Amino acid sequence: QAMQQQLLEISDQTDDAVCKERLQQLLSAMRQWLRLLQETQAYVLLDRHQLHARSCNLEDISQQVGTEYHERLQHLRASLQINVNHKVVGDSGLLYELAKQLVSNSLKFHAPQRRLQLQIYTQRLGSNKVAWCFADNGQGFKNHHAKRLLKPFSRGQGVETIAGSGMGLALVDKIVDLHHGMLTIESSPEQGCLIKVVLTQAAEG
C-alpha cells in the first residue's frame, strides 16, 4: 500500500507523459497482483475456516451486494433485478463473499454490444433445499469449460484484456462445498450464464 501511494505521488509530480503512462501501468499491475495474493490467501484459509452456520436471509445478502456494486452497475448502465425470498442455513459472511464474486464476474464479463441485465432470485427445491440463482446476459462461455473454471487460477478463453485473478469461481466452489451444497453452471457463448447455488433451507420461525 505504501509503495502504491509513493508511485501515485511520483505520477502526480511528473510532467513526462511517457513516464506517467508507465507508472500508471505499473500501478495497475501492482493492484492486480495484490488482489491475486488476497484471493489466494482467502482460498487457502477456507480450508481452516470454522463454519458459523445459522439462519441467513438471502434477500438481505443479495441487497447488500447490489448496494456495494451500485456505482459500477450505473457506470455500465446495467440493470439488476432481485427476487429473493428464502432463508438458508449458512455462514452469512461466506455467502456474502460468494454473491460478491458472482456479481463481480457478471460485471467483468459483460457483452459490450448489449446492455447488461443481471438477475438474482431463489427457487425452492423439494422439501428443504433452495437454489440461489445468478443469471446474466453477458459473454458466456462454452459449457464444457465450466468444470475447468472452478479450479484456482483458471480463466476463460479470450479474456486476456480483462483484469482478473482466476480465483473467483474457485472461491465460490469452495464456499459451496463448505456448506455441503451443490453448484451448477449453465452457459454458452454470447448467451450469458446461469449459476445456481443449492443450499439447505432454514427452518421457519
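## S62 and helix 3

At 1% relative accessibility, S62 counts as buried (buried means under 20% relative accessible area, exposed over 50%, and partly exposed in between, with a 1.4 Å probe and protein chains only). This residue is found in helix 3. Helices are DSSP runs of H or I with at least four residues, strands are runs of E with at least two, and both are numbered from the N terminus. Not counting residues up to four places away in sequence, S62 touches I82, V84, I120 and W132, where contact means heavy atoms within 4.5 Å.

Helix 3 spans residues 58-68, and its buried residues are L58, I61, S62, V65 and G66. They lie on the same side of helix 3 because they cover an arc of only 135 degrees around the axis; the arc is that of the directions from the helix axis to the C-beta atoms. The N-terminal end of helix 3 is capped by N57, with a side-chain oxygen 2.9 Å from the backbone nitrogen of E59.

## Basis and confidence

This is a predicted model, in which local features need pLDDT of at least 70 and side-chain atom pairs count only at pLDDT 80 or more, while totals for chains, interfaces and linings use all residues. Residues are numbered from 1 along each chain as its sequence is written, and side-chain values use heavy atoms, with hydrogens and water left out.

The mean pLDDT of the protein is 83, and 79% of its residues reach 70 or more; pLDDT is the predictor's confidence in each residue, from 0 to 100. Over residues 157-162 the pLDDT is below 50, and this stretch has 7 contacts in the model beyond near neighbours in sequence.

## Overall architecture

The protein has 7 helices and 7 strands. Along the sequence they follow the pattern α-α-β-α-α-β-β-α-β-β-α-α-β-β. Of the contacts with a separation of 6 or more, 69% are between residues 24 or more positions apart.

Of the 205 residues in the protein, 42% are buried. The accessible surface comes to about 12,100 Å², and carbon and sulfur atoms account for 50% of this surface. Accessible areas come from the Shrake-Rupley method with a 1.4 Å probe; for residues, only the protein chains shown count as cover.

## The aromatic pair

The structure holds 1 aromatic pair. The ring centres of W132 and F134 are 5.0 Å apart and their planes are at 55 degrees, so the pair is tilted. Rings of Phe, Tyr and Trp (its six-membered ring) pair if their centres lie within 6.5 Å; planes under 30 degrees apart count as stacked, over 60 as edge-to-face and the rest as tilted.

W132 is buried, with a relative accessible area of 0%. F134 also counts as buried, at 7% relative accessibility.

H86 lies in the loop between strand 2 (79-83) and strand 3. H86 counts as buried, at 14% relative accessibility. The side chains of H86 and N85 are joined by a polar contact of 3.0 Å. A polar contact is a pair of N or O atoms within 3.5 Å; within protein, one must be able to donate a hydrogen and the other to accept it, and residues adjacent in sequence count only if both atoms are side-chain atoms. Leaving aside neighbours within four places in sequence, H86 is in contact with C56, N57, L58, E59, T122, Q123, R124, V130 and Q201.

V89 is found in strand 3 (residues 87-90) and counts as partly exposed, at 35% relative accessibility. V89 and C56 are 33 residues apart in sequence and 6.0 Å apart in space, C-alpha to C-alpha. Beyond neighbours within four places in sequence, V89 is in contact with A53, R54, H179, T200, Q201 and A202.
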